[in-house]
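Please look over the structure first.

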Amino acid sequence: MTLSSAVQTLAFLLLCAKVYTQNTAAGVSARTLQMYVAMYAFRLSSTMFFNGYLPMDQTGDWAYQASDIAGLVTVLWLLRTIRCGRLSWTYQWEHDTHPVAPVVGACFVLAVLVHPTLNNWAPADIAWTTALYIDAVALLPQLWMMTRIGGEVEALTAHFVAAVCVSRFLNLIFWYHGFPEWAPADGGFNSAGRAIILAHLLQLFLACDFLYYYAKSVASGRLVLPVSVSV
């Protein structure tokens with residue numbers, strides 16, 4: 001799980017490289033970044049004070065949280081640069097139109113209704129689960145923006161989306177093996193475990209068209225993607 005967090009942070013560093021080296025925020029969704037800020041805030045409010053959802057090895061003592069904090073700082077820098085920094089004029093706000101607040105609100109409500117109990121304290125369990133659900137759909141504004149812009153997707157932006165998907169796949173493997181931990185003590189239906197697995201599968205499903213074209217472009221030696229994906 002720590003590796004998954006590190007790969008996710010690497011994804012945001014790729015976006016930083018794009019923005020910094022190319023002096024443009026074109027093609028980057030600020031709304032996706034806003035969702036990741038919410039995701040990190042919810043997740044860290046749980047993992048910084050409770051150990052129910054931490055890796056069992058030594059990385060759960062500090063490395064996992066440090067990776068998430070680094071990811072949050074990176075996202076905040078990107079968001080500031082895109083929305084109110086020197087490159088704000090390059091931000092394509094007219095294409096970045098996918099709603100954020102209703103999606104985050106729906107994730108919170110769903111987490112209240114369906115959440116595991118590894119922290120043994122409902123607010124912390126709900127916070128972690130809200131982060132999980134937001135993480136599952138946080139790429140939607142970015143994918144939506146790609147379809148609205150048309151043409152081709154810049155290479156580092158494409159690598160960012162692909163790295164996030166790799167991160168979620170690694171996390172899926174971790175929680176798939178941890179599925180029995182979610183089971184109720186009385187042997188009842190494991191609704192929380194299924195919700196966690198489905199959340200990870202949902203993100204990969206939403207990005208499957210993009211990943212197909214990404215793999216195709218890498219195989220052909222081209223690092224830009226035709227935007228014919230659907231969301």
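Cysteine 16 counts as buried, at 15% relative accessibility. The model is predicted.

**Cysteines**

- A disulfide is a covalent bond between the sulfur atoms of two cysteines.
- With a cut-off of 2.5 Å between cysteine sulfur atoms, the disulfide count comes to zero.
- Cysteine 16 is in no disulfide. The nearest cysteine sulfur belongs to cysteine 84, 15 Å away.
- Because buried means under 20% relative accessible area, cysteine 16 falls in that class with its 15%.
- Cysteine 165 is in no disulfide either. For cysteine 165, the nearest cysteine sulfur is that of cysteine 208, at 9.6 Å.
- Cysteine 165 is also buried, with a relative accessibility of 3%.

**Positive phi**

- Most residues other than glycine have a negative phi.
- Asparagine 23 has a positive phi, near 55 degrees, and is not a glycine.
- Asparagine 23 sits in the loop between helix H1 (2–22) and helix H2 (30–47).
- The relative accessible area of asparagine 23 is 39%, so this residue is partly exposed.
- Asparagine 120 is not a glycine, yet its phi is positive at about 60 degrees.
- The loop between helix H4 (101–113) and helix H5 (122–137) holds asparagine 120.
- Is asparagine 120 buried or exposed? Asparagine 120 counts as exposed, because its relative accessibility is 71% and the cut-off for exposed is over 50%.

Definitions and conventions. Residues are numbered from 1 along each chain as its sequence is written. This is a predicted model: local features need pLDDT of at least 70, side-chain atom pairs count only at pLDDT 80 or more; totals for chains, interfaces and linings use all residues. Side-chain values use heavy atoms; hydrogens and water are left out. Helices (H or I, at least four residues) and strands (E, at least two) are DSSP runs, numbered from the N terminus. Buried means under 20% relative accessible area, exposed over 50%, partly exposed in between (1.4 Å probe, protein chains only).
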